[in-house]
Amino acid sequence: MQPWLRFGPGDPLRAAVFGVPALESFADVARLLGLDERRLVWLCFQPDEPGVDHYHRFSIPKRNGQERQISAPKTDMRAGQRVILQEILAKIPIHDAATAFRPGASIVANARQHVGKDVVIRLDIADFFPSIDRRRVKGMFASLGYSEGIAAVLALLTTDTPRKAGSDNAALLPQGACTSPAISNIICHRLDARLTGLARKHGFIYSRYADDMTFSHPSSDAPVGRLISSAVFILGEEGFAPNPAKARVMRAHQRQIVTGLVVNDGVAIPRADLRRFRAILHGTERDGFEQASLTLGKDVRDYARGYLAFVHMVEPDKAARLRERHPWVRGADDPAPTR
């Protein structure tokens, strides 16, 4: 056990207000997670040994051609994080402006708030999860009423130090852990409150879907410049930075996109995306499943059914017409196209 970890009751009244479990010792955390203490030490303080890592590490391509680094927790770490999510993080209220990573949340609900506005502004938070380091996560757990030792242990379990990173400040929220979205929303509560207040002051509506922030206003005379400069200032004060490459000001005569959906007149999927999907369906019927899957680079049936479910969520009428025209997308019992 590390001698610098100071345990104790913390602030039990504050913990009771949030309804989180009372944890006063390392043994309490171990019992909560269903682990013995030696196993918990191993999870918290990863030994510097070749081949020992609590995460599977890989990358996936982003739309801009860059790669997103994913750290997916292995079995024991994943199980422990699920308990922390269910027993602690899920009980903490998040701001109403946060529309991702919560029950009933969707990009449709987020986009719907900004339909039919004269001005829509999009700002993006750069390196969202990596901007939240272990120090901030420890402070978040301490704010729930936990002692310094308990907060430190919970932070060790929910942040990740990439191999050879070299310092505690390099321990960040891992993209791939089930706890990271909830922690980010809790930590962003004050950011969301401040940006909501700023938006209301100038007549805007504000929402945030993960790292994607949207402001909209019913008038073309909205103080766009003042809103953006103030929002960027608040972002900096809250420990974040904007991504200038993704900033957009969209007027009513332009196509207004919010979390990937068009909001000029209702919520809709961009026409180019639907055309691309229809082309995949027609190509499958022309070439057959095997060739279409090779062309797509993945199983075309799984992709088609998944994307059709997305279309149904956004525009049910269009999804119904697609099902009627392409019956094989409905399920495994429908006739398969053959070449």
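These legends accompany close-up views of a predicted model.

**Figure 1. Overview of the predicted protein.** The chain has 339 residues, and 46% of them count as buried. It holds 14 helices and eight strands. Along the principal axes, the C-alpha atoms fill a box of roughly 65 × 55 × 35 Å. Take the contacts with a separation of 6 or more: 67% of them join residues 24 or more positions apart.

**Figure 2. Helix H6 against helix H7.** H6 covers residues 134–143 and H7 covers residues 148–158. Their axes lie 8 Å apart, and the packing angle is about 130°. The two helices are therefore oblique to each other. The crossing of H6 past H7 is right-handed. On the H6 side, the contact uses Arg134, Val137, Lys138, Phe141 and Ala142. On the H7 side, the partners are Glu148, Ala151, Ala152, Leu154, Ala155, Leu156 and Thr158. By class, the residues of this contact are eight nonpolar, one polar and three charged.

**Figure 3. Helix H3 against helix H7.** H3 spans residues 37–44. H3 and H7 pack at about 65°, with 9 Å between their axes. Leu40, Leu43 and Cys44 of H3 meet Val153, Leu156 and Leu157 of H7. This contact has six nonpolar residues, with no polar and no charged ones. Leu156 is named here, and Leu156 also belongs to the contact of H7 with H6.

**Figure 4. The largest nonpolar core.** This core has 62 residues. Those with the most contacts inside it are Val29, Phe141, Leu157, Leu195 and Phe215. H7 gives the most to the core, with eight residues. A second, separate core has 28 residues, including Ala111, Val258, Ile269 and Leu281.

**Figure 5. The surroundings of Phe215.** The contacts shown leave out residues up to four places away in sequence. Phe215 touches His114, Val119, Val120, Ile121 and Leu123, among others. Its partners also include Leu195, Ala199, Phe204, Ile205 and Tyr206. Leu227 and Ala231 are contacts of Phe215 as well. Leu195, like Phe215, is among the residues with the most contacts inside the largest nonpolar core.

**Figure 6. Thr179 in helix H8.** H8 runs over residues 179–187, and Thr179 is found in this helix. Thr179 counts as buried because its relative accessibility is 0%. Neighbours within four places in sequence are set aside in this view. The remaining contacts of Thr179 are Gln81, Ile84, Leu85, Leu89 and Thr158.

**Figure 7. Ala210, a residue with positive phi.** Most residues other than glycine have a negative phi. Ala210 is not a glycine, yet its phi is positive, at about 60°. Ala210 sits in the loop between strand S4 (205–209) and strand S5 (212–217). Ala210 has 13% relative accessibility and therefore counts as buried.

**Figure 8. Thr259, another positive phi.** Thr259 is a residue other than glycine, and its phi is positive, near 40°. The loop that holds Thr259 lies between strand S7 (257–258) and strand S8 (261–262). Thr259 has 12% relative accessibility, so it counts as buried. Val258, at the end of the S7 range, is a member of the second core.

Note on methods. Residues numbered from 1 in each chain as written. Predicted model: local features only at pLDDT ≥ 70, side-chain atom pairs only at ≥ 80, totals over all residues. Heavy atoms only, no water. Axes fitted to C-alpha atoms, helices over the stretch in contact; angles between N-to-C directions. Helix = DSSP H or I, 4+ residues; strand = E, 2+ residues; numbered from the N terminus. Parallel < 35°, antiparallel > 145°, perpendicular 65-115°, else oblique. Left-handed = near helix turned anticlockwise from the far one by under 90°. Contact = heavy atoms within 4.5 Å. Nonpolar A, V, L, I, M, F, W, Y, C, P; charged D, E, K, R; others polar. Buried < 20%, exposed > 50% of the residue type's maximum accessible area, 1.4 Å probe, protein only. Core = buried A, V, L, I, M, F, W, Y, C linked by side-chain atoms within 4.5 Å.
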